[in-house]
Amino acid sequence: MNLESQKEIWQVEVDGRIYEAQLGDLPEWIDEGSLQPEDKIRKGNLRWIEARKVPALIPFFNARANGQPMPIVQTITEPEPLDIAEKPGEVAVTVNTAENIPPTQSQAIIPPKTLNLPAALPGECKNHPSVPVAWICSACNIELCKACPRSYGGNVRICPDCGSMCRSVKETAEMSIRSTVAARSSNEGFGIADLSNALTHPFNFKASLFFGGLMFMFFTIGRSASSMGGMVLIGAAIVCAMLANMLTFGVLANTVTNFTQGKLDADFMPSFEDFSIWDDVVHPFFLSIGVYLSSFGPFFLVAAIGGYMVFSSASDQTKKFNEQVSRIPGTELYSPDRTVQQSQEVKGLLEKVKQHNDRLVAQKQGEVAAADSAAPPATDLAPAQTSDEELADLERSLNNARAGKVESATDAETQYREMFTGLLRIAAPVVVIGLLALLWGLIYFPAACAVAGYSRSFMATVNPIVGIDTMRRLGGTYVKILLMGLVIGLASAVIQGILAAVLSPLALPRVGNIPAIAIGSFIGFYFWVVFFCVIGYALFKSADRLKLYR
């Protein structure tokens, strides 16, 4: 391997933690037993593969498995290419001219040379001079035809000289263009122009936008099927929610991968040519779960614990309130007969006072005799004769009854106020902590999406240390992501709110407003893509700080 390939940064996943190391250091890891053949490893932000499948590491794993000494790492140096100006109609092709440079025992020198060839002549194979070049080694830069590289797996081609992977001529040219674009864009910085590009990027792929929005629309409508009840519909709603998350976070992973590699003009929709249930359905779904757990998990946890504490305290306080109020005279909550009896006693006292006052008035007007002859027979509640002492007793009893009612009402109000104050003492801290947790979720959500996109690892996504480190490395760029995300979210909410208001007459019982849900979800998918493009542009222009592969 050459010096440049030895310095390539590779990522190794061990117990959910992501470690970075140069390729030249990995043989030492293998010798020490720190890197096992089944450990996941990848170059940059390509897909994770087992370490034993990396061609450059296979000899070292074989040597360790057979108990043999580690192979000597060959260092291939590459001098600067010759700067020969290109003419119109010609392309630069790298060929090897190592004939006159003898290699040493520990060092093989294969210097490249840049020549100008007509566009119709892409170059010639090193081993077959009359055959056009189809593959170029990524390490030693030798040019090979279709038959020369060794095949390893599906589309993987291995250099017969150094054992490194080969790239097609087309891919090599694209990488050169992307490197030029990356160098220019890195100097520009992340800003409003990237938001404008993100808003227009989905329209560059109208078919993907239409069919992706259509799929997201059906999944969103299916997700609302649980409102109609039934275990079957609830299960269907769960499946639709899983598929909706699969679609959006599949777009996120694909967009971030393309943008960080400089493929700014690539389609945002994942390619389903090599469809895999795990890679295209299950894995994106778990990435979405990881994003929501790391972002809004603390909020949901605080809401669950706080809700349990508040409702439990409310139940205890209500029970205690009822017990205390029931001890207050005249407020027996569980004795309705006693309340009716008290009302009848007060009415009897008022009737007696009224009859006594009537008799006094009749006596003063000289109509006592007529009143006596016309008076009804005496009863217990209306005696024919009432003395002043009896009248005083009636007034005292009436005043005591009234005072008892007022005191009962005052005590009941005091107990209610104490119960409400006790609940407020518990609920207030829960609300404050919940708001802080929600604020954390809103701030951390873009970082979680970024980690899920460039790592494609569930454990790395749920690990807040990785997300916080990403925020730290992005610095001021992350503040811009938050502001742009806020603008995108408000725009989506306003448009969908207007749609819901305009289409409100079409709402149906239990089903909801299907037209508003359909159109709103289609628009929501577009804004999801825009948000993911914003993250992609930010990571692309901060790839050096994040040490992302291009």
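**Figure 1. Cys137 sits in strand β7, which covers residues 135-137.** Keep in mind that everything you see here comes from a predicted model. Is Cys137 buried or exposed? Its relative accessible area is 1%, and buried means under 20%, so Cys137 counts as buried. Leaving aside residues up to four places away in sequence, Cys137 touches Ile142, Cys159, Cys162, Ser164, Met165 and Cys166. Have a look at Asp161 too: 24 residues separate Asp161 from Cys137 in sequence, while their C-alpha atoms are 9.2 Å apart in space.

**Figure 2. Phe203 and Tyr526 form an aromatic pair.** To describe a pair of aromatic rings, you give the distance of the centres and the angle of the planes. For Phe203 and Tyr526, the centres are 5.2 Å apart and the planes stand at 45°, so this pair is tilted. Where do the two residues lie? Phe203 is in the loop between α5 (192-200) and α6 (206-223), whereas Tyr526 belongs to helix α15 (residues 514-541), so the pair ties together parts that are 323 residues apart in sequence.

**Figure 3. Seven names to find: Phe249, Tyr292, Phe296, Phe445, Trp528, Phe531 and Phe532 are linked into a cluster by ring pairs.** How many aromatic pairs does the structure hold? There are 20.

**Figure 4. Helix α5 has buried residues along one face.** The buried residues here are Asp194, Leu195 and Ala198. Looking down the axis of α5, you'd find its buried residues within an arc of 105°, so they line one face of the helix. Here's a handy rule for reading the view: an α-helix has 3.6 residues a turn, so residues three or four places apart point the same way. What sits on the face of α5 turned away from its buried side? That face carries the exposed residues Ile192 and Ala193. As for what covers the buried residues of α5, α14 (476-502) and α15 are included.

**Figure 5. Stepping back, the protein has 16 helices and 11 strands.** Of its 550 residues, 38% count as buried. Among contacts with a separation of 6 or more, 65% come from residues 24 or more positions apart. The protein's accessible surface comes to about 30800 Å², and carbon and sulfur atoms account for 62% of that surface.

Definitions and conventions
Residues numbered from 1 in each chain as written. Predicted model: local features only at pLDDT ≥ 70, side-chain atom pairs only at ≥ 80, totals over all residues. Heavy atoms only, no water. Helix = DSSP H or I, 4+ residues; strand = E, 2+ residues; numbered from the N terminus. Buried < 20%, exposed > 50% of the residue type's maximum accessible area, 1.4 Å probe, protein only. Contact = heavy atoms within 4.5 Å. Areas by Shrake-Rupley, 256 points an atom, 1.4 Å probe, with all protein chains shown as cover. Phe/Tyr/Trp six-rings, centres within 6.5 Å; stacked < 30°, edge-to-face > 60°. Arc of directions from axis to C-beta.
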